[in-house]
Amino acid sequence: MNPAATVARLLALCRKELLIILKDPANRILLVVPIVLQSLVFGYAATYDLKHATYALLDQSHGAASTQLAARLDASGVFERTATLRNEADIAPAIDAQQALAVVHIGPRFDQLLQQGQPAPVQVIVDARNSATANNALAYLAGIVDQFNAQWRRQHGMAGPPVVIDTRAWYNPNLDTRWYMLPALIAALSMIQTLMLTALSVAREREQGTFDQLLVAPYTPTEIMVGKAIPPILVGLAQSAFILLVSVFWFRIPFSGSLAALFAGLLLFTTAIVGVGLSISALSATMQQAMLYAFILIMPLMLLSGLATPVENMPQPMQWFTAVNPLRYGIDLVHRIYLEGSGLAPLWNDTLPLLAISAVTLPLAAWLFRHRLA
Amino acid sequence: MTFGAHGFWRRLAALTKKETRQLLRDRGNLLMGLGLPIVLIVIFGYGMSFDVKNAPVAIVMQDSSPTAREAIAGLSLSPSIAPVIVGTMRDAERLMARGKVDAIVGLPSDFSRNLDLGQAHIQLVLHGTDANRARIIQGYVEAALALRQAKQADRSAQSPPGAMATLEPRLWFNAANTSTWFLVPGLIVLVATLVGSFLTALVMAREWERGTLESLFVTPVRPIEILLAKIIPYFCVGMAGLALCLLAARFLFQVPFYGSLTAVVAISMLYLLVALGLGLVISSITKNQFMASQIALIVSFLPALMLSGFLFDLRNMPAMVEALGHVLPATHYLEMLKSLLLAGDIWPMIYRHSAILLFYVLLLMAAARAKTRKELE
């Protein structure tokens with residue numbers, strides 16, 4: 001066949017598909033505005049960093065040291081005292097009613113023990129209904145107590161701690177979770193709509209009966225597949241670009257890599273997603289089915305991608321499942337390029353699986369166009 | 001035409017039967033209603049976790065004296081850390097750049113000499129991309145090093161244990177400190193939201209899109225009956241999904257259920273009605289399957305995931321976003337669930353949140369009723 005004619009036919013098909021997606025103004029808004037709003041809102045919301053924690057103080061020691069420790073807590077900028085308790089019976093109500101995330105209980109012998117040169121325990125009761133927040137609060141408290149100890153020992157002419165740990169972090173010096181989340185959203189948010197759009201494309205034509213017309217038109221199944229794949233890939237890349245803009249210009253998260261590497265990586269990722277979407281679409285009889293299948297798939301893809309909790313924390317069988325999860329590779333790829341400034345070549349452990357997913361799903365979709373069991 | 005109570009019940013029963021058949025006929029619906037909760041239970045119970053285990057940490061010993069080796073011995077005892085001895089700092093940095101280790105612990109060559117002089121330094125370099133995980137690993141490494149240090153101080157009586165405040169943490173409501181207990185209430189909220197809003201929005205939008213609702217309008221049924229008949233079967237599917245989740249929570253994950261089960265069921269029904277109402281309103285506004293599903297995702301599912309306080313604590317968000325979170329019905333349901341499952345019956349709080357949910361039910365049902373009129377465009 002004449003290659004020029006093939007290209008012309010493909011362009012016609014792509015144009016038609018893009019028109020279907022973009023001709024409705026409501027659809028155009030739906031593809032841009034939510035993405036931008038979500039990246040703004042989730043950029044602020046998706047943080048595990050403790051910014052504001054309430055605490056209640058029960059100081060039974062009433063000494064210079066206990067007052068000094070309480071002052072350190074109040075001045076920390078993280079802990080805000082919402083109650084000052086009088087006795088131990090007040091502890092439970094303060095936690096139960098969520099008046100305080102933590103109760104810091106300084107026992108009656110605190111000052112005395114310190115004066116005698118002995119360890120003085122401080123009891124902390126934390127509301128662990130949200131275990132992540134509870135552990136974060138404990139870590140901050142431990143830091144404040146360390147500072148208190150250092151100061152107290154200095155004031156009383158004692159040597160500092162024998163070993164000091166100097167900590168620094170690569171790629172994210174302030175350990176800000178937003179730096180992790182927004183680049184992850186570049187892949188995750190654009191995946192949702194790209195997958196849904198693609199899942200609808202063939203199912204819509206099936207439901208409306210126009211797919212038969214397409215099949216008898218002078219297109220090979222591969223050409224139909226390519227024509228159906230290119231428009232949603234463009235939409236997905238455009239959405240990623242919007243989130244990237246929010247991330248760099250609104251949240252000012254420094255972009256360390258090269259744009260070419262990022263978009264080459266995203267192209268691989270979006271192609272794999274579109275392959276999955278087209279296969280779903282070819283398998284479904286109706287739009288409703290296509291959308292339900294797509295959605296049922298989106299859930300595990302999102303939850304097991306490392307977006308919410310790290311892949312490394314998962315038990316081994318679940319980690320095996322994530323081996324076929326394109327979003328896992330997409331998120332890793334964006335992180336490595338965006339934060340760590342990696343090029344595309346060293347990322348073969350992300351790019352090869354994405355290529356493999358495309359190499360399976362795209363031909364499968366083309367084959368299913370003709371061979372689907374009705 | 002009969003408008004008596006008898007006619008109402010007869011028509012409602014007939015319509016409900018039709019809707020139930022329609023629901024059962026499509027495999028996709030059942031997959032969503034019952035299959036998805038099972039998938040989510042497995043993912044939340046066995047997949048998602050904040051608990052770091054066996055994080056690879058490179059150790060660079062530029063000082064190989066017994067004192068230095070003693071100092072880092074605590075690291076190999078921690079179940080959360082898998083130490084890897086690496087020859088040089090450059091090798092360790094290369095491993096970290098390739099993502100093979102999560103942190104580097106470095107002991108400088110003058111470590112034991114400085115320790116004898118009074119104070120020595122240990123370097124800790126973290127792979128900070130996943131900030132939350134990095135901070136957890138930092139906590140484990142520091143704890144492992146401190147533990148060893150305390151033991152050493154105990155043994156060498158030359159330096160007394162010394163005056164220092166020590167923390168004694170107690171974790172209430174989650175003594176086991178596992179993230180599963182805290183993720184399970186979120187799972188229940190997600191299932192209710194998905195079945196309620198997403199499935200209902202999709203199904204109703206399809207009826208609008210294909211004009212099958214219009215053919216119902218020419219029959220003597222009233223819009224309120226159409227709506228009720230839609231709600232009843234999806235309510236049942238939603239409750240079945242929720243029952244699965246509650247059973248899994250109790251028997252698979254041993255979540256304690258300190259509060260009353262009646263209260264758990266009652267607030268779940270209330271929230272499911274909110275979700276259904278939202279689905280009905282979305283579909284009657286958009287009347288288009290793609291738009292309805294996207295809007296259902298954007299206004300119900302994604303906020304329930306990101307803004308309800310299920311993954312990310314609302315207390316850490318800026319005031320504007322936190323306020324937005326508190327507007328969401330999912331937040332109120334989640335607050336109640338977490339307390340009922342992990343803390344107990346805290347009635348004033350349950351009454352307050354339930355009243356807000358009830359307000360949403362009435363508001364959304366009224367809106368759905370107002371939007372579903374017997375008229376053609």
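**Note on the predicted two-chain model**

1. In this model, which is a predicted one, Tyr55(A) stands opposite Ala102(A) in β3(A). The pairing behind this position is that of strand β1 (residues 53-59) of chain A with β3(A), which run parallel and are joined by five bridges. On another pairing of β3(A), five bridges join it to strand β4 (residues 120-127) of chain A, here in the antiparallel sense, and His105(A) stands opposite Gln123(A) in β4(A). Strands of a sheet pair through backbone hydrogen bonds, and they may do so either parallel or antiparallel.

2. Helix α3 (residues 64-74) of chain A has as its buried residues Ala65(A), Ser66(A), Leu69(A) and Leu73(A). Because these residues cover an arc of only 100° around the axis, they are placed on the same side of α3(A).

3. As to the division into domains, chain A is assigned domain 1 (3-46 + 176-371) and domain 2 (53-155), and the centres of these two domains of chain A, taken over C-alpha atoms, are separated by 48 Å. For chain B the assignment gives domain 1 (14-48 + 178-371) and domain 2 (55-155), with 47 Å between the C-alpha centres of the two domains of chain B.

4. The contact between the chains draws on 93 residues of chain A and 86 residues of chain B. On the side of chain B that touches chain A, the elements giving two or more residues are α2 (27-47), β4 (120-127), α6 (131-155), β5 (165-172), α7 (179-210), α11 (289-306), α12 (319-327) and α13 (329-342) of chain B. Of these, α6(B) gives the most, with ten residues. By residue class, this side of chain B divides into 50 nonpolar, 24 polar and twelve charged residues.

5. Which strand of chain A pairs with β4(B)? The partner is strand β5 (residues 163-170) of chain A, which pairs with β4(B) in the parallel sense over eight bridges. Within this pairing, the bridge partner of Arg168(A) in β4(B) is Val125(B), while that of Trp170(A) is His127(B).

6. The sheet that contains this pairing is an open one of five strands, in the order β5(A)-β4(B)-β3(B)-β1(B)-β2(B), and its pairing is mixed. At its edges lie β5 of chain A and β2 (81-86) of chain B, each of which pairs on one side only. Neighbouring strands of this sheet are turned by 25° against each other on average, with direction ignored.

7. Two helices of chain B should be read together with that sheet. Helix α3 (residues 66-77) of chain B packs on the sheet and touches β5 of chain A as well as β1 (55-61), β2 and β3 (103-107) of chain B, its direction making about 160° with that of β3(B). Helix α4 (residues 89-97) of chain B lies across β5 of chain A together with β1, β2, β3 and β4 of chain B, and runs at about 165° to β1(B).

8. Leaving aside neighbours within four places in sequence, the contacts of Val57(B) include Leu75(B), Ile81(B), Val84(B), Val105(B) and Val141(B). Val57(B) and Ile137(B), 80 residues apart in sequence, are 9.1 Å apart in space from C-alpha to C-alpha.

9. Leu12(B), placed in helix α1 (residues 5-25) of chain B, is partly exposed, with 18 other C-beta atoms within 10 Å. Leaving aside its neighbours within four places in sequence, Leu12(B) is in contact with Glu225(B), Leu228(B) and Ala229(B). The C-alpha atoms of Leu12(B) and Val221(B) are separated by 8.3 Å, although these residues are 209 residues apart along the chain.

Technical notes:
Residues numbered from 1 in each chain as written. Chains lettered and ligands numbered in written order. Predicted model: local features only at pLDDT ≥ 70, side-chain atom pairs only at ≥ 80, totals over all residues. Contact = placed C-beta atoms within 7 Å. Helix = DSSP H or I, 4+ residues; strand = E, 2+ residues; numbered from the N terminus. Nonpolar A, V, L, I, M, F, W, Y, C, P; charged D, E, K, R; others polar. Pairing = 2+ DSSP bridges. Axes fitted to C-alpha atoms, helices over the stretch in contact; angles between N-to-C directions. Domains from an automatic or database assignment. Buried ≥ 20, exposed ≤ 12 C-beta atoms within 10 Å, placed from the backbone. Arc of directions from axis to C-beta.
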